[in-house]
Amino acid sequence: GRAVLLGLRRPPSSTRLSTLLPHTTLFRSPSGRPTSRPWGVGVVAQPYILEEPAFRREVEAALRAHGLEADVPDLPPERLREEADRLLPVDLPTDRELVGAIHYLGRLGRVKGLALVVSYACPPIPGLMRKAARRLGKPYRLLTLGEDWQEPLAALKAEMEKGNRGG
């Protein structure tokens, strides 16, 4: 007999309205009138962190507490690597995916700032992420898992409101 293998695609990891409908820039208020959408913050992390549902819930809640909304990269790894080539030459495929995520999220009009999340603040990943974010000129903060994010997120929002570059 013959064996047939089927490749099943997982549904998109993000089900947020702005990801599914990227041109939607308004939300409806309870009164039914359009309201401004919360400011988007591009969340960049290594895939094993970003794909964890508990992490996603926590980062979304932390941003929401500051009136911000999480945007995550919704491109496959090969497309993220192509995005990286437009911003910064990097050799390792996983590093290219991180840089590509920064470039992709940074060029989306709805993203006004970047949250660069690392599992620990040890080189080389944080330095690479900062270098890529600085090239975009959008406010950003480096956030480390397990640390308090309240102060850096408040500073990121204030910087986004002023429209300045960050670091």
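Keep in mind as you look around that the model is predicted.

Now colour the helix that carries H103. That's α5, which covers residues 93–107. Is H103 buried or exposed? Its relative accessibility is 12%, and because anything under 20% is called buried, H103 counts as buried.

Next, show the side chains of H103 and E83 together. A polar contact links the two, at 2.6 Å.

Time to move to the sheet. Select residues 39–44 (β3), 68–71 (β4), 111–118 (β5) and 140–144 (β6). What order do these strands take? Reading across, you get β4-β3-β5-β6, an open sheet of 4 strands with parallel pairing. At the edges sit β4 and β6, each with a pairing on one side only.

Zoom in on β3 and β4, which pair in the parallel sense over 4 bridges.

Select residues 125–136 to bring up α6, which lies across β3, β5 and β6 and runs at about 170° to β5. Then select residues 150–162 for α7. This helix lies across β3, β4, β5 and β6, and its angle to β6 is about 170°.

Terms used: Residues are numbered from 1 along each chain as its sequence is written. This is a predicted model: local features need pLDDT of at least 70, side-chain atom pairs count only at pLDDT 80 or more; totals for chains, interfaces and linings use all residues. Side-chain values use heavy atoms; hydrogens and water are left out. Two strands pair if DSSP finds at least two bridges between them. Helices (H or I, at least four residues) and strands (E, at least two) are DSSP runs, numbered from the N terminus. Contact means heavy atoms within 4.5 Å. Axes are lines fitted to C-alpha atoms, for helices over the stretch in contact, and angles run from 0 to 180 degrees between N-to-C directions. Buried means under 20% relative accessible area, exposed over 50%, partly exposed in between (1.4 Å probe, protein chains only). A polar contact is a pair of N or O atoms within 3.5 Å; within protein, one must be able to donate a hydrogen and the other to accept it, and residues adjacent in sequence count only if both atoms are side-chain atoms.
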